[in-house]
Amino acid sequence: MRMMLAIVLCKLLRFAGKLVGKGSSLPGQYALKLCPDVLRRVRLPERIIAVTGSNGKTSTVEMIAAILRAQGLNVVYNAEGSNQVEGVATLILSHCTLRGRMRGDVLLLESDERYARVSFRHFHPTHFVITNLYRDQLSRNGHPEWVYDAILPAIHPETTLVLNADDPLVSCFARGHDPERVKWFGLDECSVSTKEHHGVYHDGARCPVCRGRMAYRCYHYAHIGHYSCPQCGHARHAADFAVTALDLGAGRLTINGRRDISLAFKSIYNVYNILAAWSVCALAGADEDLMAGVINNYILKNGRMVTFRLGGHRGTLLTSKHENSIAYDTNLSYIAAAERPCTVIVIVDAISRKYYTGETSWLWDIDFERLNAPHIHRVMLYGRYCRDIALRFQYTGIPAERLEVGEDIREAAERLREQGEEDLYVVTCFSDRDKLLECPSVKREGGN
Amino acid sequence: MELNILHLYPDCMSLYGEYANVAVLRRHLENLGVSVTVKAPLFEDAPDFGGADFIYMGAGTEGMQKAALTALRPHTEALRTAVERGVVLLFTGSAMEIIGASVTDAAGKVWPGLGLAGFTTQETDRRTPHDVIAVPTLWEPAAVGFMNKCSRTAGVETPLFSAVTMGFGNEVQGGPEGYVSGNVFATHITGPVIVKNPAFAALLTRRLFERKGWPLPIGAGIEPLEEQVYRETYAALAGLPKNL
């Protein structure tokens, strides 16, 4: 009876919330108060796929949903991104009959990495995809090993883990888990691989198991690559699902030596997101031809790259995430690889949308040295934190005369409109990007 | 004029951009005409404490902190001797806990510390990441920073900060924070703490010069951009609610 009341309450609140445009967590929150174990009581679909990790959760989940729907399955997933237990409860209960049976063939969940253990207290995924673990919003997340420890209790012995073989910390989730229930995805040594580590810091320098010095055969980016610990033997597993060839510039990859895929977004992140989605969908029985077809035609809706015109300039905005140095580094590499003369604009105006913080240590983790290249004629540092960035740039080796520092983004855009025709690259966060894109002189062209 | 900086384990004890503390101090010293050498030993190396003028270690994960402690333990006597000779030492973030008497981890295991100070640390299963405004005992004005710790430290008799007006102290919210004794400085504040606090950088520079008997010009080491960043950060933080 209590379960039924919780379902009814959730549905009513969800309906009312939609009318007034309110968020998707509140109905689940009230339903859980009314019936704390409601998620144990309801009957869930046979397949429950969860995705967690520092980066790529949303993109991976969306791709999985697209593939499985094309397969003809009814996929229920948290498209609104409410990835904590309350949002998960809203999603499940609003798709339940009053007798507690959830409609749908697949429940697909993007799960917040810190709260997965709360979400999966009453049920567990059949497949759990863990994309990567690295420095991301440390002011909230502590550090990657803290996040690892938070995810660990969420893993049920009967769950099949779908792990990034190239991440030495993620691969630790397989320790003590039934090897039959661990599947690996990874990238073979390929055109993006390097023998040397690139970046200001190296979170793979030490083995996460024994703290011995880790040896790498190659790096794909940051600490993601082919590693082995000479001291304890913790090493990369052979991948069940592998990108066996990759031409990032041409936007082509091959999976398991036989399936060619075109990349709509030529980013190493996207490669891993595709591979993660491919792996779990293949395990769910999806047809390879169909998967390749869906991914080839898949238009990423994440708005990571936006093109625009500003006066005589052709501009590209590359969305990073503040407090995520690897996201920044990936975009800086893209700019460094461009050959045409350009100006780069770095905007840090609001680290958090909700509050001020003086926590700018992550600026020191970004490899801004990559912008010390001959084709980058000028770097403009803008936004409220412009002087914090300028301080960081004093240690990049980029000559001071190439730097411009200011708070007023609109004023900078206006001046650019009046002068020059070189390419522009803008690096900033979702939270700050509209401060440039909504300037009157900026004319958007592509992206979303 | 030559100074040797010993930056301990930067490959794994620089979790929040702490390497910047060494980079910025080095730049300050070089601007004052000092020739600076930085050595960065790994766990497997024997650190050259005898040849060091400034020893620094930044924050690491709880696991890395224990690994750093284990790596340092065989060299405790050499470190103690260097401290007795007045070496300037700064351990920040979780590295602070290493110099105490012990660290008890969240599972209850007691890790004996290096014993340079008598305080003890108890790890908890809750982190208290927060912006910090702290009242220094040795300089003015107030210090700013960020703390990302999961521990309580008890038994500090000579704190580096008499109170934190925003954030968590050694044991309690608002309480005293850090540790100082002679030229040994420690604070839980993470990240580039001396970059954010030019007055702290100036104090360390002064101690390094005093130890060598070198005269330090008045106003030396003042970098206008660092001063401005400090003022902006302090003004913004001072306008925020203080509660955790």
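I started with A:Ala215 and looked up its bridge partner in β8(A), which is A:Ser228. The model I am reading is predicted. Strand β7 (residues 215-221) of chain A and strand β8 (residues 224-228) of chain A run antiparallel, joined by 5 bridges. I then checked the hairpin of β7(A) and β8(A) and found 2 residues between the strands. A:Ala222 in this hairpin takes a positive phi near 45 degrees.

Next I looked at how chain A is divided. I noted domain 1 (2-296) and domain 2 (305-446). Taken over C-alpha atoms, the centres of domain 1 of chain A and domain 2 of chain A are separated by 30 Å. I looked up the contacts: 17 residues of domain 1 of chain A meet 15 residues of domain 2 of chain A. On the domain 1 side, α7 (138-141) and α9 of chain A are the elements that give two or more residues. I sorted that side by class and got 9 nonpolar, 6 polar and 2 charged residues.

Last, I turned to the largest nonpolar core, which has 207 residues. The members that touch the most others are A:Ile64, A:Leu108, A:Leu275, A:Cys281, A:Val344 and B:Ala68. Helix α9 (residues 268-283) of chain A gives the most to this core, 11 residues. The core also draws at least three residues from each of domain 1 and domain 2 of chain A.

Which residues does A:Ile64 touch, not counting those up to four places away in sequence? I listed A:Ile49, A:Leu108, A:Ala277, A:Val280 and A:Cys281. As a general note, nonpolar side chains tend to be buried together in soluble globular proteins.

Definitions and conventions:
Residues numbered from 1 in each chain as written. Chains lettered and ligands numbered in written order. Predicted model: local features only at pLDDT ≥ 70, side-chain atom pairs only at ≥ 80, totals over all residues. Core = buried A, V, L, I, M, F, W, Y, C linked by C-beta atoms within 7 Å. Buried ≥ 20, exposed ≤ 12 C-beta atoms within 10 Å, placed from the backbone. Helix = DSSP H or I, 4+ residues; strand = E, 2+ residues; numbered from the N terminus. Domains from an automatic or database assignment. Contact = placed C-beta atoms within 7 Å. Pairing = 2+ DSSP bridges. Nonpolar A, V, L, I, M, F, W, Y, C, P; charged D, E, K, R; others polar.
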